[in-house]
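Here is a short briefing on one protein chain. Look at the fold first, then read the points below.

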Amino acid sequence: MSDKQKEKKIMCFENAYRAGIAHLKMHGIKVIQVEWEIKTLLEQVNKLKPTRIVEIGSRHGGTLYLFSKFAGDYAHLVAIDPNPSANLSTIKEHITYPHNNKVAIIPKISQSEYALDFIKDTFPEGIDLLHIDGSHKYDDVKSDFERYWPLVRPGGLIAIHDIKGAGAKQFRGQVKRFWTELKGQIPDLVEEICAPDQEFYGIGLVHKLEKEPHPKNYDPSESSEAMSKSLREDSAGE
Ligand SMILES: C[S@@+](CC[C@H](N)C(=O)[O-])C[C@H]1O[C@@H](n2cnc3c(N)ncnc32)[C@H](O)[C@@H]1O
């Protein structure tokens, strides 16, 4: 790619990002992530061009909308949130039209069988992008990762928000605790979008290996210990 083409590509990304933020602002929706963190994540999304997207915790639809800006054509997005705001329905319309995307809002907790079964039925070929930003309690984040990661297709991406600490005091260290354990188990598969001395927010990425077994072969009774063992073995074989 020539320098001119590269510059054009960066400009396209920047313009789409700015347009996305401006659109959300116009509807009174503030993006809560640190700007360079969300932009770095969106650059990865832009490369992946996902068409099967699941977000756990969508609130007003800020990140869901931004993902849709960088998704592939005819994307299908599912938002799981027990308390979706009224804004989310508006954002749903704006994601759907005029881009021929499909959006479903599941007003349930992500730990429910209903939500998990809905995702399994909707995406039998696997999820391309999973964003975990729902409950920030340790047990819930762990459960979200362990139950939904097998549904991500090989080569897909998982993003976890608040790996350095959530905004709300009562959950401050809990995502961080889960993330620290996870990255200790699979250091080769994770990437952190945050500064080394950062105390809040931060995004953790888990890159699912291309040769992971198909989600259909996943045994939900498999323990988390077995899961981390299989992830470690896969990464050792890379
Ligand atoms: C920080 S907000 C999400 C913000 C959104 N991702 C964004 O940046 O635009 C967290 C959301 O998670 C939802 N939530 C809380 N517990 C949940 C659970 N157990 N399952 C799914 N969502 C949950 C809350 O209702 C809230 O809307």
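Which strands does helix α3 lie across? Helix α3 (residues 62–70) lies across β1, β2 (76–80) and β4, and runs at about 170° to β2. This is a predicted model: local features need pLDDT of at least 70, side-chain atom pairs count only at pLDDT 80 or more, and totals for chains, interfaces and linings use all residues. Residues are numbered from 1 along each chain as its sequence is written.

**Sheet and helices**
- The chain has eight helices and seven strands; these are DSSP runs numbered from the N terminus, helices being H or I with at least four residues and strands E with at least two.
- Seven strands form an open sheet with mixed pairing, in the order β3-β2-β1-β4-β5-β7-β6; two strands pair if DSSP finds at least two bridges between them.
- The edge strands, β3 (102–106) and β6 (190–193), each pair on one side only.
- Strands β1 (residues 52–56) and β4 (residues 127–132) pair in the parallel sense over four bridges.
- Ile56 stands opposite Ile132 in β4.

- Buried residues (20 or more other C-beta atoms within 10 Å of their own, placed from the backbone) make up 38% of the 238 residues.

Note on methods:
Buried ≥ 20, exposed ≤ 12 C-beta atoms within 10 Å, placed from the backbone. Contact = placed C-beta atoms within 7 Å. Axes fitted to C-alpha atoms, helices over the stretch in contact; angles between N-to-C directions.
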